[in-house]
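I opened this model to go through its fold and its ligand site. My notes follow in the order I looked things up.

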Amino acid sequence: MLNFGPNPKNRLYTNLNSYLMFLGYLLGGRFRQDRSANETFERALRERFGTDEAVCVYQCRLGIYLAVKATISPGQEVILSPYTIGDVINMVIFAGGRPVFADVEAHTCNIAAAEVERLITPNTGAILITHLHGLAADAHRIKEICDRANVPMIEDAAQSFGVAEHGKPVGTIGDLGVFSFEMHKNMPTWLGGVVVSNRADLMAKIRAELRDFSHPPLPGIAQKVKKGAIHDIASLPVLFQLLTYPILRFSYLNDLEFINKRVRRKPQESQPAASLPEVYKSQYTPFQARLGLLQMHNVDRDIQTRIEYAQLYYEGLKEFDELILPPLRLDRSHTYLWFPILYAHRAELLQFMFEQGRDIAAGHFTNTADSPQFGEFYRDCPNSQQVERELIYLPTYPSYSRHEVERNIVVIGQYFATKVTPTTANITQTSTDVARV
Ligand SMILES: Cc1ncc(COP(=O)(O)O)c(C=O)c1O
């Protein structure tokens with residue numbers, strides 16, 4: 001990449017095939033009935049995960065809905081991480097569950113095993129753990145807790161395709177695992193996901209429910225392709241450096257909310273509803289399965305690059321005590337979809353980085369445990385609140401250059417070298433610590 005400006009904070013893992021195969025689907029593929037590509041992809045996924053079953057679904061969140069519904073009885077509690085997308089909570093509710101939020105650990109952003117153990121009651125129907133940012137969520141330990149209480153464990157591995165804990169792929173440690181193939185993930189097929197399991201009883205229920213789904217998938221996929229194309233074009237190296245970044249930087253530094261709000265990433269949310277909305281009742285299509293088979297070849301190579309970048313960040317940033325870094329793991333239990341760090345004066349650091357010509361994002365999830373939308377299930381989760389306030393994503397995607405990683409480290413070092421005394425910083429922070437990316 002030419003280096004007269006920064007690389008973008010995020011690039012999709014899409015490629016020319018992603019567009020060509022969508023075009024083929026649009027121009028005729030969607031009228032074909034042959035679903036053998038789905039079977040081939042599901043077989044490849046079963047082999048990769050070593051599970052008896054794998055079924056592709058229209059979206060990962062739909063897979064979570066189906067997994068919860070297959071597992072619990074209506075009205076039972078589902079213990080889960082509050083630091084996730086709001087729609088995951090919606091899916092638990094649509095499936096008949098009552099969410100019980102178990103706080104996360106700040107340095108991993110993942111659900112705390114001790115909290116899970118504390119919150120289990122005779123009315124617990126399932127534990128839903130989330131492997132966030134490509135980090136395994138202490139799944140073996142939580143599975144032991146679940147087994148003692150005789151409660152099934154579901155794994156939300158939306159962000160963790162390719163992650164393993166103690167050598168076992170995440171998603172296969174509990175009773176059911178769900179992955180996402182949405183366009184921002186590391187194995188994108190525009191939309192989609194897969195549920196994997198060895199539990200024939202649960203998978204039979206999931207397959208039975210899926211059989212009735214007939215909502216057309218095209219509008220949802222087309223919407224993603226449109227957004228993806230805008231993202232891919234705006235982040236093309238030369239265009240990004242000459243046009244996109246100057247606009248982003250100007251609007252960030254001058255607080256132009258009408259631009260900032262357009263570029264800020266927002267998780268997709270359901271419209272308010274009492275049960276699963278019709279738009280989710282779609283099938284995963286054969287063209288996505290063919291694309292998935294191709295994308296699978298890149299996953300391990302990309303993970304290797306991200307781990308190398310994570311090592312650079314870790315070594316370069318560990319001396320700054322005020323930063324909370326993720327654990328450094330070289331055994332595949334962290335694959336660093338980003339290098340997520342926490343910092344109490346996030347807005348100040350991001351401002352400095354933009355001034356120095358960097359493009360860096362704040363975390364974009366919220367703490368759902370105190371969201372007004374889920375007020376009925378409110379629980380005080382201070383660590384999740386801290387993650388919402390302080391999370392910064394340092395880029396690790398494979399086409400990001402090593403030089404850019406090093407430059408981020410240097411700029412963060414300059415920030416701490418020039419930082420005013422903590423007392424003054426605290427005063428500044430109260431008025432400025434509102435994340436704007
Ligand atoms: C942790 C987590 N769970 C679930 C999902 C839902 O994935 P999908 O968009 O494929 O439904 C996401 C998507 O961002 C996610 O990050």
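How many bridges join strand β6 to strand β9, and do they run parallel or antiparallel? I found three bridges between β6 (residues 153-156) and β9 (residues 176-180), and the two strands run parallel. I note here that the model is predicted. Within this pair, I looked up Asp156 and found it opposite Val178 in β9.

**The sheet.** I then traced the sheet to which these strands belong. I read seven strands in an open sheet, in the order β1-β10-β9-β6-β5-β2-β4, with mixed pairing. The edges are β1 (53-57) and β4 (98-101); each has a single partner strand, so one side of each has no neighbour in the sheet. From one strand to the next I get an average twist of 20°. For reference, I wrote down that strands of a sheet pair through backbone hydrogen bonds, either parallel or antiparallel.

**Helices on the sheet.** I looked up two helices that pack here. Helix α2 (residues 36-49) touches β1 and β10 (193-197), and its direction makes about 130° with that of β1. Helix α7 (residues 200-211) lies across β1, β9 and β10 and runs at about 25° to β1.

**Helix against helix.** Which helix packs with α2 at an angle of about 35°? I found that it is α11 (residues 286-317), with the two axes 8 Å apart. The crossing of α2 past α11 is left-handed. On the α2 side I listed Ala37, Asn38, Thr40, Phe41 and Ala44 as making the contact. The α11 side supplies Pro286, Ala289, Arg290, Gly292, Leu293 and Met296. I sorted the residues of this contact into seven nonpolar, three polar and one charged.

**Ligand shell.** How many residues surround the ligand? I have 15, and the closest are Gln59, Cys60, Arg61, Ala158 and Ser180. By class, I put the residues of the shell at six nonpolar, six polar and three charged. Ser180 also falls in the residue range of β9 (176-180).

**Whole chain.** Last, I took the overall figures. The chain has 15 helices and 14 strands. I have a radius of gyration of 21 Å, close to the 22 Å that the globule rule gives for 437 residues, so the chain is as compact as a globular protein of that length. Along its principal axes, the C-alpha trace spans about 60 × 55 × 40 Å.

Note on methods. Residues are numbered from 1 along each chain as its sequence is written. This is a predicted model: local features need pLDDT of at least 70, side-chain atom pairs count only at pLDDT 80 or more; totals for chains, interfaces and linings use all residues. Two strands pair if DSSP finds at least two bridges between them. Helices (H or I, at least four residues) and strands (E, at least two) are DSSP runs, numbered from the N terminus. Axes are lines fitted to C-alpha atoms, for helices over the stretch in contact, and angles run from 0 to 180 degrees between N-to-C directions. Two residues are in contact if their C-beta atoms, placed from the backbone, lie within 7 Å. A crossing is left-handed if the near helix is turned anticlockwise from the far one by less than a right angle, and right-handed if clockwise. Ala, Val, Leu, Ile, Met, Phe, Trp, Tyr, Cys and Pro count as nonpolar, Asp, Glu, Lys and Arg as charged, and the others, Gly among them, as polar. A residue is near a molecule or strand if its C-beta atom, placed from the backbone, lies within 6 Å of it. The radius of gyration is taken over C-alpha atoms; the globule rule is 2.2 Å times the number of residues to the power 0.38.
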